[in-house]
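This report describes a two-chain model, taking the fold of each chain in turn and then the contact between them. Please keep the structure in view while reading.

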Amino acid sequence: MEIVKILICEDDEALSSLIRFKLSRAGYRNCEVAADGKKAKEMIQDNEYDLVITDIHMPYASGLELTTYIREELKRQTPIIILSSEGVENTVLQSFNLGINDFLTKPFSPQELVIRVKRLLGHQ
Amino acid sequence: MLMATAAIGVVILIGVLKVRKKHRYESEKSLLKVIEKDLNNYLISSTENEGLKWKSVHHYQLNEIKAKLENNFLKGIFIGHLISLRKNLYGEFDEVLEDLYELLGLHELSIKKANSRRMASVVRGIHELSQFEYKSGYHHVLQHLGHSSQIVRQETQVALLNLSAGSPLFFLKTSWKDLSGWHILSLHHTLLRTGLAHRVQYDYWLRNPNWEVRAFIIDMCVFFRLVAHMDNIRGHLFSDEYQVQAAVLRAVTEMGDDRDAPGVYKFLVNTDRQDLKILSINALAKVGGPDEVEGLLTLLETDHSDTLLATVMAIEEISGNAEELIRKSYDLQSHIHLATSLAHIKEPLNNS
């Protein structure tokens, strides 16, 4: 598997740590974590990621704002997976309209997340 | 002088609270940093690996975590981490997190909190026992059913749903107080999330002497679409309590069939309450046939505009030609309200 760079944007440290660990076990060892939306924007601006996994509710900038930033301002087509505790239709539709590639509702299965990551990166 | 002293006191108190909050935040961060690797290793190896080699690694990681949880303060923070993971994850980690909570002896701290004199601790303890579904903690939670605080009672009731998998709602037998809308939603959500809804002995609860319990159980049957219980539910239509009657009518509207129509019509013409009349008419709209249309046509003389509109809409829903049927019996020139109601159903936007 080529070296893939993934950004995990999640303010819950226990969760981001587990996601990173789970992904590294699946072979994705180059994962970075941003604990808030502002930091995530900075990291995305300075780096080219192959995939972004973002929580929808984060301090300073939400997952949706981050998506808009990536698609509209940076004009990048980086695959984006949104994690959200809101599985309501409006949020899901809004997210896809903004250009996300996948949506997972919390609580989610880490195993399922790995499968979706593999699929988006063309490793499955 | 007194005011100045009070002001200084408040400033000191705010300062102390801020320092405590900061201390907790920093402790959380440093604990997670120290424990992160062991915890992740433990969780992942629990779900991905089997065999003797991994069992010993597992044991080692467990002891490492145990050693780092030196005191109750750190244990409390760690429980918070585990709850956060449990709320965010499902699947392979569910059982592992429950086991870890027990293997680390964290349940003992939760039980201690549940038996504390401080209300905030009690709520936290109950919440923790509930989150990890620590069934042996049932009696430590049950004792709070009659607690003087509504917050404690509500937390207790939701926790008991989680902890009494064999007979959820067992606690209804002894306690049915202050059931707010939020709490009913919580109960529904807990039953839905835990998959316990189908294990509830609905027929048993429908015989409960407390009408609130009966009304709640009927609403639950509707919420979970438990059509199989309709035979039992329809028997409560002529109950003494109007809340139970209303619940039955809601159930008929959602899950009834033509067998319900004669009973509902009989109820409609005998009740004096306008809200129940409207609920009955709405139910008839779903389950009624030509006989009920005949009956509804005789009820159009009412002065109550909402009842009139509901009746006209029900006739239309059952027959599909309300206007023609009504014109046969009524002169719309002299029944202005009736004409207005008909205009409502003719306008498609009003039918939604």
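Helices, of at least four residues, and strands, of at least two, are taken here as DSSP runs and are numbered from the N terminus. By that numbering, Tyr60(A) is found in the loop between strand 3 and helix 3 (63-73) of chain A. The model is a predicted one, and every value below is computed from it.

## Overall make-up of the chains

Chain A has five helices and five strands, and along its sequence these follow the pattern β-α-β-α-β-α-β-α-β-α. Of its 124 residues, 38% count as buried. Among the contacts in chain A that link residues at least 6 apart in sequence, 59% join residues at least 24 apart.

Chain B, in turn, has 19 helices and zero strands. Buried residues make up 32% of its 352 residues, and residues 24 or more positions apart account for 62% of the chain B contacts with a separation of 6 or more.

## The sheet of chain A

The five strands of chain A form an open sheet with parallel pairing, in the order 2-1-3-4-5. Strand 2 (30-34) and strand 5 (102-105) of chain A stand at the edges, each with a single partner strand, so one side of each is left without a neighbour in the sheet. From one strand to the next, the twist averages 15°.

Strand 1 of chain A is itself mostly covered, with four of its five residues buried. Helix 5 of chain A lies across strand 3, strand 4 (80-84) and strand 5 of chain A, and runs at about 180° to strand 5 of chain A.

## Backbone features in the loops of chain A

The peptide bond from Lys106(A) to Pro107(A) is cis, with omega near 0°, and Pro107(A) has its place in the loop between strand 5 and helix 5 of chain A.

With 14 other C-beta atoms within 10 Å, Tyr60(A) is partly exposed. Lys75(A), placed in the loop between helix 3 and strand 4 of chain A, has a positive phi of about 55° and is likewise not a glycine; Lys75(A) is exposed, with 7 other C-beta atoms within 10 Å.

## Helix packing in chain B

The axes of helix 6 (residues 119-131) and helix 8 (residues 150-163) of chain B come within 9 Å and cross at roughly 15°, and the two helices are therefore roughly parallel to each other. Helix 6 of chain B passes helix 8 of chain B in a left-handed crossing. The residues of this contact divide into 10 nonpolar, four polar and one charged; those from helix 6 of chain B include Val122(B), Val123(B) and Ile126(B), while those from helix 8 of chain B include Ile151(B), Val152(B) and Glu155(B).

Elsewhere in chain B, Ile281(B) lies in helix 15 (residues 274-287) and counts as buried, with 28 C-beta neighbours inside 10 Å. Leaving aside neighbours within four places in sequence, Ile281(B) is in contact with Leu268(B), Thr307(B), Ala310(B), Thr311(B) and Ala314(B). Ile281(B) and Tyr265(B) are 16 residues apart in sequence, and their C-alpha atoms are 8.0 Å apart in space.

## The contact between the chains

The contact between the chains takes 15 residues from chain A and 16 residues from chain B. Helix 1 (13-25) and helix 5 (110-120) of chain A each supply at least two residues of the side of chain A that touches chain B, and the largest share of that side, eight residues, comes from helix 1 of chain A. By class, the side of chain A that touches chain B has seven nonpolar, three polar and five charged residues.

Key: Residues are numbered from 1 along each chain as its sequence is written. Chains are lettered from A and ligands numbered from 1 in the order in which they are written. This is a predicted model: local features need pLDDT of at least 70, side-chain atom pairs count only at pLDDT 80 or more; totals for chains, interfaces and linings use all residues. Two residues are in contact if their C-beta atoms, placed from the backbone, lie within 7 Å. Ala, Val, Leu, Ile, Met, Phe, Trp, Tyr, Cys and Pro count as nonpolar, Asp, Glu, Lys and Arg as charged, and the others, Gly among them, as polar. A residue is buried if 20 or more other C-beta atoms lie within 10 Å of its own, exposed if 12 or fewer, and partly exposed in between; C-beta atoms are placed from the backbone. Axes are lines fitted to C-alpha atoms, for helices over the stretch in contact, and angles run from 0 to 180 degrees between N-to-C directions. Angles under 35 degrees count as roughly parallel, over 145 as roughly antiparallel, 65 to 115 as roughly perpendicular and the rest as oblique. A crossing is left-handed if the near helix is turned anticlockwise from the far one by less than a right angle, and right-handed if clockwise. Two strands pair if DSSP finds at least two bridges between them.
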